[in-house]
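Have a look at the model below, then try each task before reading its solution.

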Amino acid sequence: MAFEKFDKLLLNNKVLNSHEKLIYLICYSFRNAPHGCRISHKYLMQRTGIGCRRTLTKFLDRLTLFGLLARKQVDNGTNHYVFDKEKMQEYIQHNTNKRRKIALAKKKKNNPQINKQIGNVINMVKK
């Protein structure tokens, strides 16, 4: 059986809830794995008892907001978690750009524009 050493400030932190603390400890325990901390949402949900992916994502977003970890999706369903501040900034920037692209694609899909190259074609959009 292995033990994980952690700062008692984490345990006494009143801003984080118990699930967030547990998620952080699980992720942090894998930080020295050969390929880094690569954990799926499914694994975290099984280990913590969280039943909804949306709730897990909310907790992970809060941990990122407080600067405890950052994540980036590397495979289908697997995320790479980092704890180094420089690497965290890189991952946060990557996620911000990814979310911006998704938002622009949705906006473009919802607001089709008239084709300006062909003058006699009109696109009709039902709203």
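**Exercise 1.** Which residues in H2 meet which residues in H4?

*Solution.* Keep in mind that you are looking at a predicted model.
- Step 1: Start on the H2 side, where His19, Glu20, Ile23 and Tyr24 make the contact.
- Step 2: Cross over to H4, where their partners are Leu56, Phe59, Leu60, Arg62 and Leu63.
- Step 3: Sort the residues of this contact by class, and you get six nonpolar, one polar and two charged.

**Exercise 2.** Describe how H2 and H4 are placed relative to each other.

*Solution.* 
- Step 1: Two packed helices are described by the angle between their axes and the distance between the axes.
- Step 2: For H2 and H4 the angle is about 75 degrees, and the axes are 10 Å apart.
- Step 3: Angles from 65 to 115 degrees count as roughly perpendicular, so H2 and H4 are roughly perpendicular to each other.

**Exercise 3.** Now work out the geometry of H2 (residues 18-29) and H3 (residues 41-48).

*Solution.* 
- Step 1: The two axes come within 10 Å and cross at roughly 125 degrees.
- Step 2: That angle makes H2 oblique to H3.
- Step 3: As for handedness, the crossing of H2 and H3 is right-handed.
- Step 4: On the H2 side, His19, Leu22, Ile23, Ile26 and Cys27 take part, and they meet Tyr43, Leu44, Arg47 and Thr48 in H3.
- Step 5: By class, this contact holds six nonpolar, two polar and one charged residues.

**Exercise 4.** Which residues of H2 are buried, and what covers them?

*Solution.* 
- Step 1: The buried residues of H2 are Glu20, Lys21, Ile23, Tyr24, Ile26 and Cys27.
- Step 2: Their cover includes helices H1 (8-12), H3 and H4 (53-65), together with strands S1 (37-40) and S3 (78-82).

**Exercise 5.** Step back: how many helices and strands does the protein chain have, and in what order do they run?

*Solution.* 
- Step 1: Count five helices and three strands.
- Step 2: Read from the N terminus on, and the order is α-α-β-α-α-β-β-α.
- Step 3: To finish, note that buried residues make up 24% of the 127 residues in the protein chain.

Methods: Residues numbered from 1 in each chain as written. Predicted model: local features only at pLDDT ≥ 70, side-chain atom pairs only at ≥ 80, totals over all residues. Heavy atoms only, no water. Axes fitted to C-alpha atoms, helices over the stretch in contact; angles between N-to-C directions. Helix = DSSP H or I, 4+ residues; strand = E, 2+ residues; numbered from the N terminus. Parallel < 35°, antiparallel > 145°, perpendicular 65-115°, else oblique. Left-handed = near helix turned anticlockwise from the far one by under 90°. Contact = heavy atoms within 4.5 Å. Nonpolar A, V, L, I, M, F, W, Y, C, P; charged D, E, K, R; others polar. Buried < 20%, exposed > 50% of the residue type's maximum accessible area, 1.4 Å probe, protein only.
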